[in-house]
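Hi,

Here is the model I promised to pass on.

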Amino acid sequence: VSPVERVPGYFGPPERSLFGWLHRPRGGGTRDVAVVLCPPLGYEAHGAHRTVRELADAAASAGFVTLRFDYDATGDSAGDLLAVGQW
């Protein structure tokens with residue numbers, strides 16, 4: 001059994017919700033500080049996906065509750081990247 005629990009979910013306003021993964025130590029024992037991992041964009045995001053996921057697991061294994069997420073209009077988050085006013 002992995003020492004880390006990964007919980008997928010959406011957060012933010014329903015009309016523009018972001019998708020993320022919450023990584024937390026299984027069985028408690030969390031620190032007083034959390035970590036938010038902001039992934040790169042574009043081609044770099046694809047290449048870094050596994051590294052970001054493993055970094056989140058490593059941080060959670062060390063007791064840090066960790067969030068990684070998809071930016072607005074990327075990945076599984078809501079939004080249209082081509083819409084006027086985005087980014």
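This is a predicted model: local features need pLDDT of at least 70, side-chain atom pairs count only at pLDDT 80 or more; totals for chains, interfaces and linings use all residues.

**What I found**

Residues are numbered from 1 along each chain as its sequence is written, and side-chain values use heavy atoms, with hydrogens and water left out.

Back to the pocket. That lining is made of 18 residues, and Pro39, Ala45, His49, Phe69 and Asp70 lie nearest the centre. The space inside comes to about 290 Å³. A pocket here is an open set of points on a 1 Å grid over the protein atoms alone, where a 1.4 Å probe fits, with protein on both sides within 12 Å along at least five of seven lines; lining residues have an atom within 4 Å of a point. Grid points are joined across faces, edges and corners, and the volume is the space filled by probe spheres set on the points. At least two lining residues come from each of β2 (18–25), α1 (43–61) and β4 (66–69), and α1 gives the most, with 5 residues.

Now the fold. The protein chain has 1 helix and 4 strands, running β-β-β-α-β from the N terminus. Helices (H or I, at least four residues) and strands (E, at least two) are DSSP runs, numbered from the N terminus. Along the principal axes, the C-alpha atoms fill a box of roughly 45 × 30 × 25 Å.

The 4 strands form an open sheet with mixed pairing, in the order β1-β2-β4-β3; two strands pair if DSSP finds at least two bridges between them. At the edges are β1 and β3 (35–37), each pairing on one side only. From one strand to the next the twist averages 20°. Helix α1 packs on the sheet, touching β1, β2, β3 and β4, and its direction makes about 165° with that of β4. Contact means heavy atoms within 4.5 Å; axes are lines fitted to C-alpha atoms (for helices, over the stretch in contact), with angles from 0 to 180 degrees between N-to-C directions.

Strand β1 (residues 4–11) runs antiparallel to β2, joined by 8 bridges. Proline 8 stands opposite tryptophan 21, and glycine 9 opposite glycine 20. Their hairpin has 6 residues between the strands, and glycine 12 takes a positive phi near 95° there. On to β2 and β4: they are antiparallel too, over 4 bridges, with glycine 20 opposite phenylalanine 69 and leucine 22 opposite leucine 67.

Finally, which side chain does glutamate 5 meet in a salt bridge? That of arginine 24, at 3.0 Å, N to O. Glutamate 5 lies in β1 and arginine 24 in β2, so the pair ties together parts that are 19 residues apart in sequence. The count comes to 4 salt bridges, each a side-chain nitrogen of Lys or Arg within 4 Å of a carboxyl oxygen of Asp or Glu.

Cheers
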